[in-house]
Amino acid sequence: MTSGFLGLKRKTKPSASSIAKRLKTKHVLTDDLPWKKVSKPREADLGTGMDGFLELEEVDDVDVVFEETDTGRVVKFKVRDEEGSEDGMEDARETAGESSAVTTEKVDVDALPEPVTFNSKSLLPEWCPFKLHPQLGRALYAKGFMSPTPIQAQTLPFALKNKDVVGVAETGSGKTLAYGLPILHHLLTEVYSRPIPSSKTRRSVRALILAPTRELALQVSSHLNACISSVDVDAEKHGEDDGISQKGKHKGKGKAKAKSPEVPAEDKPKHPPLVSVSAIVGGMSAQKQRRVLSRGVDVLVATPGRLWDILQEDDELASQIESLRFLVLDEADRMIETGHFAELDNILRLTLRKSDGDVIDSADKLEEESDAEDTKEGVRAGELQTFVFSATLSKDLQKNLKRRNRPKGTKKNQKPASTLDDLLLRLDFRDPSPAVVDLAPVGTVVATLKESRVDCLSSDKDAYLYYFLLRYPGRTLVFLSAIDGIRRLLPLLALLNVPAFPLHSQLEQRQRLKNLDRFKSTQNGVLLATDVAARGLDVPAVDHVVHYQVPRTADTYVHRNGRTARAMRRGFSLVMCAPDERKLVRALMHNLGRQEDEIAEMPVELYMLDKLKARIQLAREIDGSQHKAKKEKHERNWLREAAEAMEIELDSDLASDDDEGPTKQQQKAAGAKVAGLKAQLKTMLAQPLIARGVSTRYITSGVRSIADDIVAGEYHETMVGMKKVEAGDDLVSAKVHKAKKSAVKEEYEEWGGIDHGEE
Ligand SMILES: Nc1ncnc2c1ncn2[C@@H]1O[C@H](COP(=O)(O)OP(=O)(O)OP(=O)(O)O)[C@@H](O)[C@H]1O
């Protein structure tokens, strides 16, 4: 959602002339107010009721006036007439509704912030070889990213040399910055070296990043924005001692104020953002979307569906897409799954340059060109650089991307092997041989992830899930294959006092983000999600991923698991496998090139599970009764409302509650029954869960003494008598089991056994 508030004017001491000029005002529509993006306050994520905000915007210098009109009281917004503006700095405020022509008029260099320097040699030695723009160095330093992740380290040399890159690396390995840093580096460097559009003109989109889901697009946009904004905000935080200085080539050009820490932020010169990054996604208000686009963005992050809708109406944007400098497909393989193939294909066609729509032909041309111009490295100035990233791009596909190099004469007869092959062949790789950086681990398992499975009946999955949530407290993301399942499970968990939030495509976008924020800020929160949350979401510290149903494809399994164990943190995943899903697990593991028994079994204390089953049973009963009562009420109301709308009278037996629906007395009795069951459940939930053989009376006695656990601090708070361990620490390692088996085999092999000779 978009939201804005009328802010206070920031300038503390307006000059006399500016006051005089400000008297010239004009009325504008809300859409045309000079909205400015502000960072979301930290409290917004802390359950202050501000969660769910897509973005926050503010506006300065606006008078709100109420006018009485014939139709009633209306509110009007008055802003200073642009003609009365004081200087270039004030003009730097972005206004919507301005001329949309992109000019290359050179801005006064004073309007640019003073360039910063950053001593990456001493502060970020591991980033130093990449010679990234100093502002990015500062951002990385501020974030504590002291060294590049492997995918970043291996991608940057190619990307910074203008080569197209196909990057494949495990989930949570930092792919966003692997493509984001080269883009930001290029744009930041460009700002000071070439004329930039003045703030009064629409910027031209230089980079387009396509992502499969709204959440991922918003996340990428905020990730990249954080890289540029923390640079601006923290400009004077680090002194010379830190090796970071403010001195740049424009030193002494009237920027002394900005350097001094004593100068209040309000008095710092205002300038348009050096590089602007924004997202356009479905669910965003049309007003906000118009505003973002009319201001212009350098880096546009979008979902294909929404972008294509806009492109059909916005010719200017379409022509900008035709002359992009960077194109990124993030989670390329997912984008073709979500039914966006047509839109994506159309957008990609727009990015094609000289070709006549036949990429294979254009590949021919490129090859010929590259033959003639052997020394050319990467793209030429003004051309498109393409990045394709995912955690799961098949090896075959990567080979296909190199088809441009296949011997002449064979090309036109070759058919793409899959939709994704086809799509990627449509990409306008300027580079005759895009660099393929494949760091996907064997079997696509992240090293810090522990996987496990539990075999159970479908009807017992609720109890097993509840057991897991209580046994291993933590932030848990539960994937379900259908929205109905989420709707069923949600009230059940609520009755059991488990803080669970839903995330699926039928929720409004605002609600989706709100639930995501709540999940992030709830310590033992549970997110019940469909695969809309499987890709790319970077929720800090997701401890566990539970596959309530076995995923249908190996890629989905990998990406779902990828929501935990990110950036070298530990993570845990659990597959709940019903008898009819065993085949699926087998196929899944086979596709990943792994053995089924590689996944360890999660131990379950059946005595405890039985106790939980009783709770689940009661919760189901309550939910069932509540649901029934609600449904009956809804049906009764519906009938009445329909009759009223059609202005007909219902038969007395239909109109009365007596015959069809339950009587008032029956309703009362049903209500009392639910209240009774709820009280029963409350009592049950208040009782401690005690493991078999534990004496709570004498903690040193019983089959299981809990005294030692208490002393060792391993006392489980909800399941008395069970050790407090992290999920995965008590797995019966199938690998160890397997290793033992293979050790026996090795012994046999060392001995050599009986030589049967070559067959
Ligand atoms: N160099 C770095 N050092 C430390 N942390 C980093 C670094 N680069 C990125 N990160 C952090 O790692 C986390 C994962 O990054 P990112 O979301 O880009 O992963 P990804 O590879 O795109 O994952 P997925 O495949 O699931 O989309 C983020 O929280 C990010 O801030």
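Author: Seven strands form an open sheet in the order E9-E10-E8-E11-E12-E7-E13, and their pairing is parallel. Strands here are DSSP runs of E with at least two residues, helices are runs of H or I with at least four, and both are numbered from the N terminus. Two strands count as paired if DSSP finds at least two bridges between them. At the edges stand strand E9 (277-280) and strand E13 (435-438), each of which pairs on one side only. From one strand to the next, the twist averages 15°; axes are lines fitted to C-alpha atoms, for helices over the stretch in contact, and angles run from 0 to 180 degrees between N-to-C directions.

The model is a predicted one, in which local features need pLDDT of at least 70 and side-chain atom pairs count only at pLDDT 80 or more, whereas totals for chains, interfaces and linings use all residues. Residues are numbered from 1 along each chain as its sequence is written.

Two residues are in contact if their C-beta atoms, placed from the backbone, lie within 7 Å.

Is Thr-213 buried or exposed? Thr-213 is buried, because 24 other C-beta atoms lie within 10 Å; the term buried requires 20 or more such atoms within 10 Å of a residue's own C-beta atom, exposed means 12 or fewer, and partly exposed lies in between. Leaving aside neighbours within four places in sequence, Thr-213 is in contact with Thr-303, Val-532, Arg-535 and Gly-536. Between the C-alpha atoms of Thr-213 and Glu-331, which are 118 residues apart along the chain, the separation is 9.5 Å.

Burial may also be considered for a whole helix. Helix H17 (residues 461-471) is largely enclosed by the rest of the structure, because eleven of its eleven residues are buried. Among them are Lys-461, Asp-462, Tyr-464, Phe-468 and Arg-471.
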